[in-house]
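The sequence and the model are shown below.

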Amino acid sequence: INVTVEDDSPILVKNGTTIILDEKYLVLGSEPQSSEISKIGTLEVNWGADSGSEKDVQFTEKTKLDLENWAKNNSSPFSVVISEDGHTLTAKDGEKELFEVTLSINTAGNVEYQVTFKNALDHKTLTDFNLPITSLEITDADGDSVTGEFNITVIDDNPKPEDIKKVEVNEDLYLPTGEKSTNTFNTNADATGTNTTIDGGGKT
């Protein structure tokens with residue numbers, strides 16, 4: 001009697017949901033809100049018979065190349081660093097971290113990813129744009145694999161001119177040593193000293 005055993009492979013039931021992050025919630029955004037700059041999504045996987053504890057999900061070299069190519073064509077180029085274990089991806093502009101993505105297997109057995117937005121991206125004339133996170137390697141307990149992907153949608157911090165921000169400042173503010181000035185306010189996440197002007201309306 002000959003018995004043939006066919007190996008089982010993982011099946012990607014559903015690709016990842018799109019994570020939506022808004023620049024306005026960044027620390028230097030127009031509406032800072034720390035609870036809104038980190039989001040979690042999932043990819044649904046059927047592991048079949050090989051669902052042991054050795055199953056894993058990792059970023060790949062193609063994940064890095066696709067994201068860096070997107071940056072080259074759509075924004076100021078940024079670099080992508082993947083951790084040695086393949087579970088953490090960090091996008092950087094020089095030494096400044098832009099965003100971080102981590103991968104894990106959750107208690108339900110699905111791939112979970114968490115995206116944490118840290119600084120605004122230089123995205124030229126784009127307003128809303130999609131960052132592609134591709135070629136995730138999803139591997140079952142005996143080494144068979146399937147690929148998955150998801151997108152990160154970033155919404156530009158672009159306050160409307162008619163949304164007037166009222167700011168009160170104290171001309172003669174006294175600051176005891178170590179205290180932070182209250183004479184500060186945010187414009188938007190993309191503002192720098194070279195791309196922003198202040199119009200005093202002719203008043204002094």
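The 14 residues of H1 should span 20 Å at 1.5 Å a residue, and the end C-alpha atoms of H1 are 20 Å apart, which agrees. The expected span is 1.5 Å times one less than the number of residues. Helices (H or I, at least four residues) and strands (E, at least two) are DSSP runs, numbered from the N terminus.

The model is predicted: local features need pLDDT of at least 70, side-chain atom pairs count only at pLDDT 80 or more, and totals for chains, interfaces and linings use all residues. Residues are numbered from 1 along each chain as its sequence is written, and side-chain values use heavy atoms, with hydrogens and water left out.

Which residues of H1 are buried? They are Thr63, Leu67, Glu68, Trp70 and Ala71. Buried stands for under 20% relative accessible area, exposed for over 50%, and partly exposed for values in between (1.4 Å probe, protein chains only). Seen down the axis of H1, the buried residues fall within an arc of 155°, so they line one face of the helix. The arc is taken from the directions from the helix axis to the C-beta atoms. An α-helix has 3.6 residues a turn, so residues three or four places apart point the same way. On the other side of H1, Lys72 and Asn73 are exposed.

Next comes the sheet. Four strands form an open sheet in the order S2-S10-S9-S4, with mixed pairing. Its edge strands, S2 (19-22) and S4 (56-58), each pair on one side only. Two strands pair if DSSP finds at least two bridges between them. Strands S9 (residues 129-139) and S10 (residues 145-155) are antiparallel and share nine bridges. Within S10, Gly148 is the bridge partner of Leu136.

The aromatic pairs number three. Rings of Phe, Tyr and Trp (its six-membered ring) pair if their centres lie within 6.5 Å; planes under 30 degrees apart count as stacked, over 60 as edge-to-face and the rest as tilted. Phe78 and Phe99 form an edge-to-face pair, 6.0 Å centre to centre with 85° between the planes. Phe78 lies in the loop between H1 (61-74) and S5 (79-82) and Phe99 in S7 (residues 96-105), so the pair ties together parts that are 21 residues apart in sequence. Both Phe78 and Phe99 are buried.

The ring centres of Tyr113 and Phe150 are 3.6 Å apart and their planes are at 10°, so this pair is stacked. Tyr113 belongs to S8 (residues 111-117) and Phe150 to S10, so the pair ties together parts that are 37 residues apart in sequence. Tyr113 and Phe150 are buried.
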